[in-house]
Amino acid sequence: MSFLTKFVDALPLPSVIQPVGHRDGIPYYEVTMKQVKQKLHRDLPITTVWGYNGMYPGPTFEVRRNQPILVKWENQLPFEHLLPVDRTVHGAEPNEPSVRTVVHLHGGRVRPENDGYPEAWFTRNFENSGSKFLHKVYCYPNCQRPTTLWYHDHALGITRLNVYAGLAGFYLIRDKKEKKLNLPRGKYEIPFVIQDRSFYPNGELFYPSQPGHQPPPAQQPPLPFDEEVLPNPSVVPEFFGNTALVNGKVWPYLEVEPRKYRFRILNGSNARFYRLRLSSGQDFIQIGTDGGFLEKPVIVSNAKGLLLAPAERADVIVDFSKYAGQKIILTNDAPAPFPNGAPDTPVLPEIMEFRVSKKRSESDRSQIPQTLSCIERLEPTGVTVRQNFLMEMDDPEFPARLKLLLNGMEWDELPITETPYNGTVEVWELYNLTGDTHPIHLHLVQFQILNRESITVDENGNATSIGPAREPDPNERGWKDTVRANPNEVTRIIARFGPFTGIYPWHCHILEHEDHDMMRPYEVLQNPNLDQCISDSGRVSG
């Protein structure tokens, strides 16, 4: 709520989860989803949330590259949902359980049965389950570059509600090369997830039950129930809260020393973009993105700001050495919806506060290397190019609301139209015919952004390139798993598909869009020219 006093609670740091044992020498973890009460602000009554191991956000995994782990995900949530469920959304029909969960390791290179397929959901104590890929214990091989991943719920038709209720956490992959870089570490390396929420006066989470339903203090009741106009409750186009939370705390502060810090920043919001700046005017030094380290550090100027769409991550260094004794605000000025905004959308100009002490507790021996990593550049010459269209339309069932689609197709429409072969490189062109920027996420693979190009749309809905092509921003020139596809542009990405075969989702990571119905499966087909034992290892370069 906007009347809550800012910067009165310390930033919490999620604990690092430890294995409960080993299976065949592989670390074995157990994580239980629970409904709990949690204090999110000093002056806010206790809030009901859902958390992994009863924590919002969930505990942080810290794993080693090429060292697999096993995780058993268990659902001990109530049978009725904490938030309003629209039973007209695909996957959440009246015959389906209200509370369903399945965990997706976002950015993870895993087999399809361990990916958190939206239809692989399960209920409390595994009493009911979806029809595909149900596994009680997931294997994460961690055969990929050191990076900041995150895990969150992905159940079909209610992802927006489950993540909003609190089901998200960090997953950090490390290796020996990272340690040799001598970056800030230990208590000077801090992951934090930025989210927006709204609350009722009693402290409980507010989530709109229909478009136009406003949170307190400007609360308006849902629209009069008319099943021919809108169902009640109904999915909304996007959600934007009036309160900023970091690591599950409302407008927190963090005490820092006058030295370098490494911050792993995740945009964990349903739909809100953030363009972050520091009130001190200093720059961010970005060292990594979704898929790990950049080739070299990139200065993200304070004038430009650090832009993050939902699900994007930025690994940054902030040097407080010249700001001893000062208070610095992390600010945001990204319009919502992005990029054009709307007059009735709550703004969140302040996110959190850094309180810089006057002295260091120890000398700062950390460094910012000139070179961080080597990145293989994928070549677009002679590869398959797929055109994909991001579209919006009036919902045929309820024309008063929008429906978002990929290539004009719903989630379960057949055939599956994107079918790359294992081990092959493809260029995907994302033609955005809508007015919003969509963060597009591909499961299984990390990709590179080739360019973006302006387009026009003729009277027949055909996109025409008018160029010229623009290279990605310097801090986008690493490996990515989520890309901002801007309106009236074609965004081109290039990926090597694999190393596993099977069916995976690709979708917009605005969670309301993903649920209704901007998500499609794609299938990685077995390549007869690729040695299957190489594929099975998971150790394909990149």
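Student: Which residue lies over the face of F126, and at what distance from the ring centre?

Tutor: The model under discussion is predicted. In this model, F126 is among the residues in contact with W73, as is K136. The residue over the face of F126 is K136, at 4.8 Å from the ring centre.

Student: Which residue lies over the face of Y188?

Tutor: Here the ring belongs to Y188, and the distance from the ring centre is 3.5 Å. The residue that lies over this face is R259.

Student: How are the rings of F61 and W73 arranged: stacked, edge-to-face or tilted?

Tutor: A pair of aromatic rings is described by the distance of the centres and the angle of the planes. For F61 and W73 the centres are 6.1 Å apart and the planes stand at 55 degrees. Planes under 30 degrees apart would count as stacked and those over 60 as edge-to-face. The angle lies between these cut-offs, so the pair of F61 and W73 is tilted.

Student: How many residues apart in sequence are the parts that F61 and W73 tie together?

Tutor: F61 is buried at 1% relative accessibility, and W73 is buried at 3%. F61 belongs to strand β4 and W73 to strand β5. The pair therefore ties together parts whose separation in sequence is twelve residues.

Student: Which residues form one aromatic cluster with F61 and W73?

Tutor: Beyond its neighbours within four places in sequence, W73 has contacts that include Y52, F61, Y138, Y140 and Y151. These residues also belong to the aromatic cluster of F61 and W73. The other members of the cluster, with F61 and W73 set aside, are Y29, Y52, Y138, Y140, Y151 and Y171.

Student: How many residues does the largest nonpolar core have?

Tutor: Among the residues with the most contacts inside this core are F61, W73 and Y171, together with F263 and L276. A second, separate core has 32 residues, including F338, L406, V445 and F500. The largest nonpolar core has 89 residues.

Student: Is the pair of W428 and W506 stacked or edge-to-face?

Tutor: W428 lies in strand β25 and W506 in strand β31, so this pair ties together parts that are 78 residues apart in sequence. W428 is buried at 1% relative accessibility, and W506 is buried at 0%. The ring centres are 5.2 Å apart with 75 degrees between the planes, and the pair is edge-to-face.

Student: Why is strand β25 largely enclosed by the rest of the structure?

Tutor: V425, V427, E429 and Y431 point one way from β25, while E426, W428, L430 and N432 point the other way. Residues on both sides are buried. Strand β25 is largely enclosed because eight of its eight residues are buried.

Student: Which residue of β30 is the bridge partner of V427?

Tutor: β25 pairs with β23 in the parallel sense over seven bridges, and there V385 stands opposite V427. β25 and β30 run antiparallel and are joined by seven bridges. In β30, the bridge partner of V427 is I494.

Student: Is M393 buried or partly exposed?

Tutor: M393 is located in strand β23. Its contacts, with neighbours within four places in sequence left aside, are R401, L402, K403 and L405. Buried would require under 20% relative accessible area. The value for M393 is 32%, so this residue is partly exposed.

Student: How many residues apart in sequence are the parts tied together by D175 and R65?

Tutor: The closest N and O atoms of this salt bridge are 3.4 Å apart. D175 lies in the loop between β9 and α2, and R65 in the loop between β4 and β5. D175 is buried at 10% relative accessibility, whereas R65 is partly exposed at 32%. The pair therefore ties together parts with a sequence separation of 110 residues.

Student: What is the N to O distance in the salt bridge of R313 and D481?

Tutor: R313 lies in strand β20 and D481 in the loop between β28 and β29, so the pair ties together parts 168 residues apart in sequence. Both R313 and D481 are buried. They belong to one network of salt bridges with shared partners, which includes D290, E312 and R452. The distance between R313 and D481, N to O, is 2.7 Å.

How values were computed
Residues are numbered from 1 along each chain as its sequence is written. This is a predicted model: local features need pLDDT of at least 70, side-chain atom pairs count only at pLDDT 80 or more; totals for chains, interfaces and linings use all residues. Side-chain values use heavy atoms; hydrogens and water are left out. A salt bridge is a side-chain nitrogen of Lys or Arg within 4 Å of a carboxyl oxygen of Asp or Glu. Helices (H or I, at least four residues) and strands (E, at least two) are DSSP runs, numbered from the N terminus. Buried means under 20% relative accessible area, exposed over 50%, partly exposed in between (1.4 Å probe, protein chains only). Contact means heavy atoms within 4.5 Å. A nonpolar core is a set of buried Ala, Val, Leu, Ile, Met, Phe, Trp, Tyr and Cys residues joined through side-chain atoms within 4.5 Å. Two strands pair if DSSP finds at least two bridges between them. Rings of Phe, Tyr and Trp (its six-membered ring) pair if their centres lie within 6.5 Å; planes under 30 degrees apart count as stacked, over 60 as edge-to-face and the rest as tilted. A charge sits over a ring if NZ of Lys or CZ of Arg is within 6 Å of the ring centre and within 35 degrees of the ring normal.
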